[in-house]
Amino acid sequence: MYEAASAASTINSATITIVGAGPVGTLLALLLARAGRNVQIFERRADPRRATTESGRSINLALAARGLVALEQAGVLATLRREMVTMRGRQVHEPGGNSALMNYGLHPNEVIHAISRSRLNAALVEVAAHTQGISLRFEQRCLDVDPVASTLQWRDEQSGQVHTEHAPLVIGADGAGSAVRAALLARGALQEREAPLDHDYKELVIPATASGGYALERNALHIWPRGGYMLIALPNPDGSFTATLFLPVRGAAPSFETLAAPGAARAFFTREFPDALALLPDFDAQYEQNPQGKLATLYCWPWHQRGTLLIGDAAHAIVPFHGQGLNCGFEDCALLAQLLASGEDPLRCWARFERERRPNTDAIAAMALENYEEMRSRVLAPDFARRKQLAADLERRFPGRFIARYSMVMFHPEIPYAEAQRRGALQEAVLDALLAGSSEPLRLLDNAGL
Ligand SMILES: Cc1cc2nc3c(=O)[nH]c(=O)nc-3n(C[C@H](O)[C@H](O)[C@H](O)COP(=O)(O)OP(=O)(O)OC[C@H]3O[C@@H](n4cnc5c(N)ncnc54)[C@H](O)[C@@H]3O)c2cc1C
């Protein structure tokens, strides 16, 4: 009895080892350290405050309310604000050259924020490096985790030496290609399924104008929807935009496969995105040099075994079309820190974390896939603007009762993703009926708790 109690108290106070000093690993470390835990982080790469950004990798991403709430809790939001560019809505660039801004929300605070992923990561590392209770270990690659023996094996990337140490509590925040997940998989402790998207992406940087200004509307997320594919662009604080082309990997034109022929990519941009091409003076060099990235949804279960847990992309990587992958990972961090702060046995916290999070991460994974269709195609449909307008009217008329699904996901962290998905399905039925001339939905709105 005494031994069991003593073992529990040892694990309750043990140092937590986080694998991966990406945005999720560092934010989690900050939240845990604020709650008085000792944390060590192993990161395979060099310190991002010293390293240069990998060229052609995702340079900026969109942060929304769920991510902001977690950053605020860690006390880093104010520092990061100056790195962000506000995006009020979608600027849709139609095939004929017309373009119009569709606001994301009804209220001035319903906006999202573009931020450089590397600057966000470096800023979080900087704060973590000065936070008591956090030890950062760069260029240390995790090779294996053994939850039964409570050990972590890693290699020092400088010396090549391999070490093993006692690590009773390990959190894998090491991204979609997680070594911690691979270690659990190799031991038969979890199962995984990766659903690859048959579309890849490529990033291109639209530089600032000669006078240092923005070549496109600054406070918008730009979309060139073209049905089966699309180009988007997010603003950076230095006047540039990071544009991303999403396109089928293979198949009849256009696809990345067909654009590989000499001159084909330029001809495609000339035909489909002439206004964007005009802003890309070094298009040919960028197109050739920048890598073609893959996209997939990762499902794995369970997320934990004994003292080891997966979090963020390591547990549930999703496609980027709702701009929620990192927001969702930050929300994970806030919940896990809250559960651990309750003083409950960490192993019970792992189980509770998975129970509470999984329905929500499954929901955002599905909504992110659906949103690709909306961004690349549905925004061009004649009834799209009407549906959005009708949804906005209902939101004004039934405040708090009807909140458009996009708004629930992006601006309402108090509404879990699974609930947003549930209400969203009811809303679609309401909008369909109203557009067909029925007034029944107004009765539904009074009763259904949308
Ligand atoms: C094109 C694109 C656009 C996106 N846009 C958005 C967006 O607009 N909004 C949004 O919220 N999300 C977006 N995302 C998703 C977002 O980038 C991810 O959800 C987020 O980066 C996940 O953070 P993470 O810390 O879990 O993993 P990662 O960012 O992958 O970090 C993992 C860390 O672990 C380290 N690591 C890996 N293996 C090891 C090892 N063996 N040992 C030690 N360290 C290791 C890595 O070096 C890295 O530092 C986008 C993703 C893509 C691909």
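I'm counting a salt bridge as a side-chain nitrogen of Lys or Arg within 4 Å of a carboxyl oxygen of Asp or Glu. Housekeeping: this is a predicted model, where local features need pLDDT of at least 70, side-chain atom pairs count only at pLDDT 80 or more, and totals for chains, interfaces and linings use all residues. Residues are numbered from 1 along each chain as its sequence is written, and side-chain values use heavy atoms, with hydrogens and water left out.

**Domain 1 against domain 3.** I find 18 residues from domain 1 and 13 residues from domain 3 in the contact (heavy atoms within 4.5 Å). About 1300 Å² is buried between the two, and carbon and sulfur atoms give 59% of that; buried area is the accessible area (1.4 Å probe) that two parts lose on being put together, summed over both. On the domain 1 side, R66, H322 and M367 lose the most area to domain 3, together 47% of what that side buries.

**Salt bridges.** How many are there between domain 1 and domain 3? I get one. I also looked up E370 and R405, whose side chains meet in a salt bridge at 2.8 Å, N to O.
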